[in-house]
Amino acid sequence: MASSSSSNSANYDVPWVENYRPSKVVDIVGNEDAVSRLQVIARDGNMPNLILSGPPGTGKTTSILALAHELLGPNYREAVLELNASDDRGIDVVRNKIKMFAQKKVTLPPGRHKVVILDEADSMTSGAHQALRRTMEIYSNSTRFTLACNTSSKIIEPIQSRCAIVRFSRLSDQEILGRLMVVVQAEKVCLLAKIYLASYNSLPTVKRHFRIAFLKTPNENSGPNGPLHNNPKANMQWVEA
């Protein structure tokens with residue numbers, strides 16, 4: 001879950017889930033063992049192929065994006081290919097889009113590699129897995145592959161054997177509530193006192209308070225005294241996470 005310090009952006013169209021997404025591995029909340037392993041990679045710069053395995057919403061994709069940002073710096077945009085859940089997962093994507101990216105020439109510092117990020121990789125077809133294995137072998141000198149999945153056993157063994165597996169688990173209510181407090185303080189949410197009291201109770205209670213706030217009219221939600229900025233729907237996925 002995101003834990004980076006983020007400025008209160010004037011761009012009201014940016015959802016909180018993106019506005020507060022960390023750009024450094026150290027800022028990831030929870031999963032200390034997994035984050036520690038990724039910090040070592042960020043520090044040493046020797047990135048292997050990775051499988052990040054665990055339930056949805058535990059920070060797998062955010063963690064690898066943060067790692068890629070740290071390793072690639074200003075080269076991030078041209079040296080990272082991210083395929084998310086909305087993209088086709090068939091064999092043609094591996095043969096065309098991924099292979100073309102792996103072949104692309106990008107000037108990087110010594111020891112750095114292009115990065116392919118495959119979210120929900122356990123939903124790829126068997127043929128796509130086999131094609132991906134061959135692509136990983138052919139372009140191992142220039143490209144690293146990171147697969148995020150719910151269950152690592154659904155990734156074929158030849159790919160597993162070429163990857164370091166990092167396991168994530170669900171965050172505790174206390175970790176989530178702590179992060180909620182950081183965000184509402186940064187956004188100057190006027191319901192802060194109510195949410196603070198609710199944090200002594202349970203996460204469902206906090207979510208219920210947020211849902212009530214999101215149902216207010218735009219005029220009630222905006223302005224310096226309003227609980228939310230004037231695009232509340234943009235943040236619903238963050239509240240429901």
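I began with helix α3: 11 of its 13 residues are buried, so the rest of the structure largely encloses it. By buried I mean under 20% relative accessible area, by exposed over 50%, and by partly exposed anything in between, with a 1.4 Å probe and protein chains only. Helices (H or I, at least four residues) and strands (E, at least two) are DSSP runs, numbered from the N terminus.

This is a predicted model, where local features need pLDDT of at least 70 and side-chain atom pairs count only at pLDDT 80 or more, while totals for chains, interfaces and linings use all residues. Residues are numbered from 1 along each chain as its sequence is written, and side-chain values use heavy atoms, with hydrogens and water left out.

**Entry 1. The chain as a whole**

I looked up the secondary structure and found 12 helices and five strands in the protein chain. The protein chain has 241 residues, and 48% of them count as buried. I then looked at contacts, meaning heavy atoms within 4.5 Å. Taking contacts between residues at least 6 apart in sequence, 70% join residues at least 24 apart.

**Entry 2. Helix α3**

Helix α3 covers residues 60–72 and reaches 18 Å from its first C-alpha to its last, close to the 18 Å expected at 1.5 Å a residue. The expected span is 1.5 Å times one less than the number of residues.

Which residues of α3 are buried? I noted K60, T61, T62, S63, I64, L65, A66, L67, A68, L71 and L72. Just after α3, G73 takes a positive phi of about 55 degrees.

**Entry 3. The nonpolar cores**

A nonpolar core here is a set of buried Ala, Val, Leu, Ile, Met, Phe, Trp, Tyr and Cys residues joined through side-chain atoms within 4.5 Å. The largest one has 25 residues, and M47, L50 and L67 have the most contacts inside it. At least two residues of this core come from each of α2, β1, α3, α4 and β3. Helix α3 gives the most to this core, with seven residues. Another core, of 22 residues, lies apart from it and includes I51, L132, C149 and I155.

Leaving aside its neighbours within four places in sequence, M47 is in contact with I41, I64, L67, L71, V115, R144 and T146.

**Entry 4. The cavity**

On a 1 Å grid over the protein atoms alone, a cavity is a set of points where a 1.4 Å probe fits but cannot get out, and its lining residues have an atom within 4 Å of a point. Grid points are joined across faces, edges and corners, and a volume is the space filled by probe spheres set on the points.

How many cavities of 30 Å³ or more are there? The count comes to one. About 50 Å³ of space lies in the largest cavity. Its lining consists of G45, M47, L71, L72, G111, R112, H113, V115 and R144. By class, four of the lining residues are nonpolar, three polar and two charged. For these classes, Ala, Val, Leu, Ile, Met, Phe, Trp, Tyr, Cys and Pro count as nonpolar, Asp, Glu, Lys and Arg as charged, and the others, Gly among them, as polar.

Helix α5 (residues 91–103) has 13 residues and reaches 17 Å from its first C-alpha to its last, close to the 18 Å expected. In α5 I found V93, V94, I98, F101 and A102 buried. What covers them includes α4, β2, β3, α6 and β4.

In helix α6 (residues 126–138) I looked up H129. H129 is buried, with a relative accessible area of 2%. Beyond its neighbours within four places in sequence, H129 is in contact with A121, M124, K154, I155, I156 and I159.

In helix α2 I checked R43. R43 counts as exposed, at 62% relative accessibility.

Most residues other than glycine have a negative phi. N31, which is not a glycine, has a positive phi of about 50 degrees. N31 is in the loop between α1 (16–19) and α2, and counts as buried at 13% relative accessibility. E120 also has a positive phi, near 50 degrees. E120 lies in the loop between β3 and α6, and is partly exposed, with a relative accessible area of 37%.

Terms used. 1 Å grid on protein atoms, 1.4 Å probe; cavity = no way out; pocket = protein on both sides within 12 Å on 5 of 7 lines; lining within 4 Å.
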